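Visitor: Could you walk me through this structure, one step at a time?
Guide: Gladly! Have a look at it first, and then ask away.

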Amino acid sequence: MKYANRSDAGQSFTELAILLGLVAAVVVVGLTRTGEGTSDALCRASSAFGGKCGDLLRDDFSNLNNWTIQNGRWQIRDGRLCIDGPGRIYRPLDRNDYVINVDLARITTGNGYGIFFRDSEGAQFNGYSFQYDPGYGQGAFLIRKWVNGSELTTPIARVNAPAGYNWYGADRKVQVEVRGDTFTAYIDGQPVVQARDSSFTSGGIGFRSWDNTSACFDNLSVRRP
């Protein structure tokens with residue numbers, strides 16, 4: 001009877017090895033067809049068996065060691081990243097697709113802030129930004145394209161905020177999903193604006209403000225989509 005159990009166990013291990021081989025083959029085929037990175041593909045395969053993949057980065061803004069201040073008076077205030085007046089700050093990330101989560105974003109005065117994605121870095125950067133913009137018309141949510149450090153005049157997407165929207169003094173949760181040529185921004189879990197563009201395919205993240213804006217951010221994370 002023991003020998004039978006050992007045989008069954010051996011057969012089970014053989015079947016498992018075959019299954020893992022098939023999974024690996026599927027991963028390779030997926031990489032070939034989509035250009036997905038190896039770690040992402042393994043992460044996706046792990047998720048199919050109940051595994052979890054970690055965030056690409058997290059920042060509770062205890063310091064600014066991993067950030068580059070392009071301009072502005074960015075500072076850590078009460079454990080949050082804050083800005084008074086115009087400014088831009090960015091963090092490199094060599095990725096194509098990701099989801100940016102800011103658990104707390106609060107504007108107290110001014111015309112708005114932006115969250116950069118697929119930012120190529122430097123003063124003459126290319127990329128995109130989601131903009132929380134009470135100063136645009138009667139207030140709007142925008143997605144803009146940036147070329148050689150300048151935002152294009154016309155947003156690639158614009159949705160006016162509902163009448164009576166509370167822009168100031170509220171702690172908002174902001175999410176920006178970057179997937180292929182489609183970008184979707186959410187406020188407090190609700191989609192507010194979506195755009196499509198294929199000009200820039202990878203790059204880092206950042207924040208911006210303009211005019212007399214005062215704003216703070218906390219608990220940033222970036223994860224795989």
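Visitor: Which strand does Asp59 lie in?
Guide: Keep in mind that this is a predicted model. Find residues 57-59 and you have the strand that holds Asp59, namely strand β1.

Visitor: Is Asp59 buried or exposed?
Guide: The relative accessible area of Asp59 is 10%. Buried means under 20%. Asp59 is therefore buried.

Visitor: Which side chain makes a polar contact of 3.0 Å with that of Asp59?
Guide: Leaving out residues up to four places away in sequence, Asp59 touches Trp67, Arg91, Asn219 and Leu220. Among them, the partner in the polar contact of 3.0 Å is Arg91.

Visitor: How many residues does the largest nonpolar core have?
Guide: The residues with the most contacts inside this core are Ile100, Phe130, Phe141 and Phe207. Its largest share, 5 residues, comes from strand β6 (residues 98-109). Ile100 also touches residues beyond its neighbours within four places in sequence, including Phe117, Val176 and Leu220. The size of the whole core is 41 residues.

Visitor: How far apart in sequence are the parts that the pair Cys82 and Cys216 ties together?
Guide: These two cysteines form a disulfide, with sulfur atoms 2.0 Å apart. Cys82 lies in strand β4 and Cys216 in strand β16, so the parts tied together are separated in sequence by 134 residues.

Visitor: What is the handedness of the link of Cys82 and Cys216?
Guide: Both ends are buried: Cys82 has a relative accessible area of 1%, and Cys216 has 15%. The angle about the S-S bond is 110 degrees, and the link is right-handed.

Conventions
Residues are numbered from 1 along each chain as its sequence is written. This is a predicted model: local features need pLDDT of at least 70, side-chain atom pairs count only at pLDDT 80 or more; totals for chains, interfaces and linings use all residues. Side-chain values use heavy atoms; hydrogens and water are left out. A disulfide is a pair of cysteine sulfur atoms within 2.5 Å. Helices (H or I, at least four residues) and strands (E, at least two) are DSSP runs, numbered from the N terminus. Buried means under 20% relative accessible area, exposed over 50%, partly exposed in between (1.4 Å probe, protein chains only). A nonpolar core is a set of buried Ala, Val, Leu, Ile, Met, Phe, Trp, Tyr and Cys residues joined through side-chain atoms within 4.5 Å. Contact means heavy atoms within 4.5 Å. A polar contact is a pair of N or O atoms within 3.5 Å; within protein, one must be able to donate a hydrogen and the other to accept it, and residues adjacent in sequence count only if both atoms are side-chain atoms.
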